[in-house]
Amino acid sequence: VAAVAGFPLGAMSTASKVFEAREAVEAGASEIDMVINVGALKEGRYEYVLHEIAALVDVCHGYPLSYGEPVESGALLKVIIETCLLTEEEKIVMCRLVTEAGAEYIKTSTGFSTAGATREDIALFAKHIGKEVKMKAAGGISSVADAEDFVNLGASRLGTSRIVKIVKANENK
């Protein structure tokens, strides 16, 4: 079971995201997809963004926080960075922050902004994330060839709302 925190814009407080994640984990979620505060990143407030990710890592991993008692959990955290809104430099910074905070995944997009995953973004992530961080390419995957490309570039998960269309198109070949 996956749930979201800070979805879809990521602009709420860290405390709000922690609350959302705690509620979801306590209700049985085994994965949390959080959206970063893009505004804070754009302002160069990297410590804020790092702290926010680390706070959600703590919730997902069951560590005690000032926000309440520890939750029993083994949930993993996917950090959505909304690549279409970021510069290359900001994407590289996010690779570092996601790695440093201890999140399991870096994810390209929510699917609610102007674009989804690109091959260039997944290749960039592959060069800059820590070896323990996995990648999820989400949005814009519209064919089996797209899916294969993203997997070949190193994405271990794919997010697409077009899976039925992709499978039907592949069956008709």
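I began with two helices, α4 (residues 88-101) and α5 (residues 119-128), whose axes come within 9 Å and cross at roughly 45 degrees. The axes are lines fitted to C-alpha atoms over the stretch in contact, with angles running from 0 to 180 degrees between N-to-C directions. Helices here are DSSP runs of H or I with at least four residues, strands are runs of E with at least two, and both are numbered from the N terminus. That angle makes α4 oblique to α5, since under 35 degrees counts as roughly parallel, over 145 as roughly antiparallel, 65 to 115 as roughly perpendicular and the rest as oblique.

Before going on, I noted that this is a predicted model, in which local features need pLDDT of at least 70 and side-chain atom pairs count only at pLDDT 80 or more, while totals for chains, interfaces and linings use all residues. Residues are numbered from 1 along each chain as its sequence is written, and side-chain values use heavy atoms, leaving out hydrogens and water.

Which residues make the contact between α4 and α5? I found Glu88, Lys91, Ile92 and Cys95 on α4, and Asp121, Leu124, Phe125 and His128 on α5 (contact means heavy atoms within 4.5 Å).

Next I traced the sheet. It is open, has 6 strands in the order β1-β2-β3-β4-β5-β6, and its pairing is parallel (two strands pair if DSSP finds at least two bridges between them). The edge strands, each pairing on one side only, are β1 (2-5) and β6 (157-159). On average, neighbouring strands of this sheet are turned by 25 degrees against each other, direction ignored. I then checked β1 against β2 (residues 31-35): they run parallel and are joined by 4 bridges. Ala3 stands opposite Ile32 in β2.

I also looked for aromatic pairs and the count came to 1. Phe7 and Phe112 form this pair, edge-to-face, at 5.3 Å centre to centre and 85 degrees between the planes (ring centres must lie within 6.5 Å; planes under 30 degrees apart are stacked, over 60 edge-to-face, the rest tilted). Phe7 sits in the loop between β1 and α1 (14-26) and Phe112 in the loop between β4 (105-107) and α5, so the pair ties together parts 105 residues apart in sequence.

Phe7 is joined to Pro8 by a cis peptide bond, with omega about 0 degrees. Glu82, in the loop between β3 (76-80) and α4, has a positive phi of about 50 degrees although it is not a glycine.

Methods. Phe/Tyr/Trp six-rings, centres within 6.5 Å; stacked < 30°, edge-to-face > 60°.
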